[in-house]
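Please open the sequence and the coordinates side by side. The report below takes the model one region at a time.

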Amino acid sequence: MLGIAVLAALLPLAVSWLGFVFTVAIGKGLAALGVAILLRAGMISIGHALFFAIGAYAIAFLMRDAAIGELVTLFACATLITAAAGLVVGAFMVRYRGIFFAMLNLAVSMVFFTLLSKLYRLTGGTDGMRVPTPSLLGMELSRPAFEQALHLIAIAIMVGVALITDRYLKSPLGQALSAIATNEVRLEFIGVSARGVLLVAYIASAALAGLGGALSAVAIGHVVPEFSYWTLSGQLVLIAVLGGIGGVPGAFIGAFFLELVRTFAVGFAAEAWNAIIGISLLVVIFFLPEGLFGLLQRLETRMRGRKS
Amino acid sequence: MLANYAPLIVDGLADAALIFFVAVGLTLVFSVLHILNVAHGSFYSLGAYLSVVIGSFVAGRGWPVLSFFALVISPFLVTVALGPLIERTLLRWTYGRPEALQILVTFGLFLILEDAQKLIFGVQPYSQDTPMLLLGTSQIAGIVYLNYQLLLIGLAIVVAIGLRLLLKRTGIGKLIVAVVADQEIARALGIDASRVFMLAFSLGVFLAALGGALASPTVGVSPGLGAETIVLAFAVAAIGGLGQIEGAALAAILVGLARSAAIYFMPEFQPVVPYLVMLAVLLVRPYGLFGSIGLRRV
């Protein structure tokens with residue numbers, strides 16, 4: 001994890017435009033980590049773009065209507081708002097399993113997408129809303145300086161969130177998630193409420209997706225309804241599985257990989273970058289069952305073996 | 001009073017017919033292969049593209065009647081080209097793997113097919129109206145209806161009954177039912193389950209492409225059609241109870257009527273309607289209208 005963070009911090013020093021790419025990648029990585037938490041319990045959500053969009057639009061609304069201009073406050077508020085949304089939606093979702101869980105998440109996110117694009121007066125419709133540059137701890141920074149600062153903040157958030165999520169997944173509450181995937185009925189027989197465990201996980205995953213959306217909104221400077229379209233949800237699941245759901249770093253590795261491929265693909269094959277992503281996804285699924293993270297781990301053990 | 005709503009109902013039923021073709025294909029594939037095919041909508045848009053291209057070509061050559069032939073031949077072409085190929089190569093890998101993985105494989109396929117369509121057909125919208133114009137209109141009780149819409153409703157009924165008969169009365173249908181009921185026992189009895197899988201998947205592809213081809217005279221065909229269609233098909237299949245053909249039919253009628261009512265009364269929110277119906281139905285019946293509750297294994 002530390003290795004990725006150092007790499008993500010140092011590379012843009014050499015290639016400056018990578019800073020923006022990495023910030024957006026971390027935003028998606030956070031959301032994908034949320035999806036990965038639910039995947040632990042064997043629950044696949046094709047609707048987490050909902051929380052990504054709620055986080056992003058929360059920033060836009062807070063800046064426009066509540067006149068909050070401080071980055072730290074904005075992130076905190078956006079995360080809390082999405083966590084609250086996660087509680088409301090989650091209370092309904094945890095009753096469902098398997099395909100129905102996936103599809104209900106999809107349905108709710110699509111309803112939200114339609115509302116975002118149709119309530120023109122409130123949300124700017126399909127044009128979206130502009131997100132001005134917030135201040136940072138009271139300082140008004142110029143856009144380039146702000147982007148650099150945001151990049152470092154994103155890395156700090158990534159490391160912090162990764163540590164907390166790791167602790168959570170290793171705690172009994174997190175371990176119970178794997179138990180739900182293996183056998184939910186047995187979990188209930190030992191007196192643990194499966195729905196309670198799932199609700200906590202759902203709220204956590206929603207908050208993560210919201211924070212990711214908030215980060216992306218500030219980095220991109222614009223929010224559009226497409227943030228909650230189902231193809232983004234699909235991308236988030238893709239990132240989570242591409243990276244490997246075995247460990248917390250997987251989601252971020254997957255996100256960096258995806259954003260880099262996208263950046264390069266737009267350069268030489270703009271029309272076909274989705275197809276390139278699709279093909280690399282199939283290659284990873286068929287040839288690297290543990291994901292990119294598993295591949296890195298295997299390389300690491302092999303290197304260590306050679307040294308000793 | 002009722003006469004005022006008759007056009008609304010016919011619009012809704014014609015819409016329902018188109019939704020039914022896609023949703024029933026999705027539900028059929030799910031019931032046999034236990035895979036939720038995210039790429040299903042892409043077969044729909046492929047069928048639509050192909051029928052518009054072939055239809056405009058033959059109409060341009062002076063045989064407008066042949067555009068009906070295009071509506072029928074294009075789903076066959078899509079099915080023959082992609083159905084067995086995709087099942088044999090991609091999906092076969094995923095049987096018995098976790099659900100998330102299966103959905104992702106089809107999502108990868110969706111991404112590839114969507115871009116392939118953009119590369120082949122470009123990003124400009126296509127449309128054709130020859131079949132609609134040829135059939136003209138008819139006047140019933142003082143109200144003018146499009147004959148094409150009536151044809152759609154009739155075709156949907158024929159397909160629904162045809163599927164029912166296929167599954168209940170024919171040999172291959174009984175094999176499909178046996179594999180759905182218990183794959184292991186079916187294999188033990190000597191049924192070639194992998195052939196049944198391939199047939200069922202190809203049938204699903206055909207139904208989706210047929211829906212797309214038949215829809216092409218009524219809507220514009222442009223990129224993003226597949227993505228839109230698949231979520232609608234998901235909603236309808238879930239309302240009906242996954243794997244239930246009658247369920248898909250009833251759900252398609254519900255959603256079609258609700259959509260045309262929405263266009264009439266609050267056109268802005270027409271896209272939300274299918275999901276609201278879905279949320280309402282699943283709130284009351286968590287496994288859909290015709291779905292049955294699975295056993296919880298200890």
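## A loop residue in chain B

B:His34 sits in the loop that links helix H1 (2-33) to helix H2 (40-60) of chain B. This is a predicted model. The phi angle of B:His34 is near 60 degrees, a positive value in a residue other than glycine. How exposed is B:His34? B:His34 counts as partly exposed, because 17 C-beta neighbours lie inside 10 Å. The buried class needs 20 or more, and the exposed class 12 or fewer.

## The hairpin of chain B

Strand E1 (residues 137-140) and strand E2 (residues 143-146) of chain B run antiparallel and are joined by four bridges. B:Ser138 has B:Tyr145 of E2(B) as its bridge partner. E1(B) and E2(B) form a hairpin, with two residues between them. B:Ala141, in the turn, has a positive phi of about 50 degrees.

## An exposed isoleucine

B:Ile161 belongs to helix H6 (residues 147-169) of chain B. Why does B:Ile161 count as exposed? B:Ile161 has 10 other C-beta atoms within 10 Å, so it falls in the exposed class. B:Glu246 is 85 residues away from B:Ile161 along the chain, yet their C-alpha atoms are separated by 9.8 Å.

## Chain A in outline

The secondary structure of chain A comprises 13 helices and two strands. Chain A has 308 residues, and 52% of them are buried. Take the contacts in chain A with a separation of 6 or more: residues 24 or more positions apart account for 79% of them.

## Helices of chain A

Helix H3 (residues 49-65) of chain A packs against H5(A), with axes that come within 8 Å and cross at roughly 35 degrees. H3(A) brings A:Ala49, A:Leu50 and A:Ala53 to this contact. H5(A) brings A:Val108, A:Ser109, A:Phe112 and A:Leu116. By class, the contact of H3(A) with H5(A) has six nonpolar residues, one polar and no charged.

Helix H11 (residues 249-268) of chain A has 20 residues, so at 1.5 Å a residue it should span 28 Å. The end C-alpha atoms of H11(A) are 29 Å apart, which agrees. The buried residues of H11(A) include A:Pro249, A:Phe252, A:Ile253, A:Phe256 and A:Leu258, and also A:Glu259. H10(A) has 14 residues and reaches 20 Å from first C-alpha to last, close to the 20 Å expected. H10(A) is mostly covered, with 13 of its 14 residues buried.

## Where the chains meet

## The nonpolar core

The largest nonpolar core has 202 residues. Which residues have the most contacts inside it? They are A:Ile59 and A:Ala214 from chain A, with B:Phe20, B:Ala23, B:Val236 and B:Ala252 from chain B.

B:Val236 touches B:Ile19, B:Ala23, B:Ala248, B:Ala251, B:Ala252, B:Val255 and B:Pro274, not counting residues up to four places away in sequence.

Technical notes
Residues numbered from 1 in each chain as written. Chains lettered and ligands numbered in written order. Predicted model: local features only at pLDDT ≥ 70, side-chain atom pairs only at ≥ 80, totals over all residues. Axes fitted to C-alpha atoms, helices over the stretch in contact; angles between N-to-C directions. Contact = placed C-beta atoms within 7 Å. Nonpolar A, V, L, I, M, F, W, Y, C, P; charged D, E, K, R; others polar. Pairing = 2+ DSSP bridges. Expected span 1.5 Å × (residues − 1). Core = buried A, V, L, I, M, F, W, Y, C linked by C-beta atoms within 7 Å.
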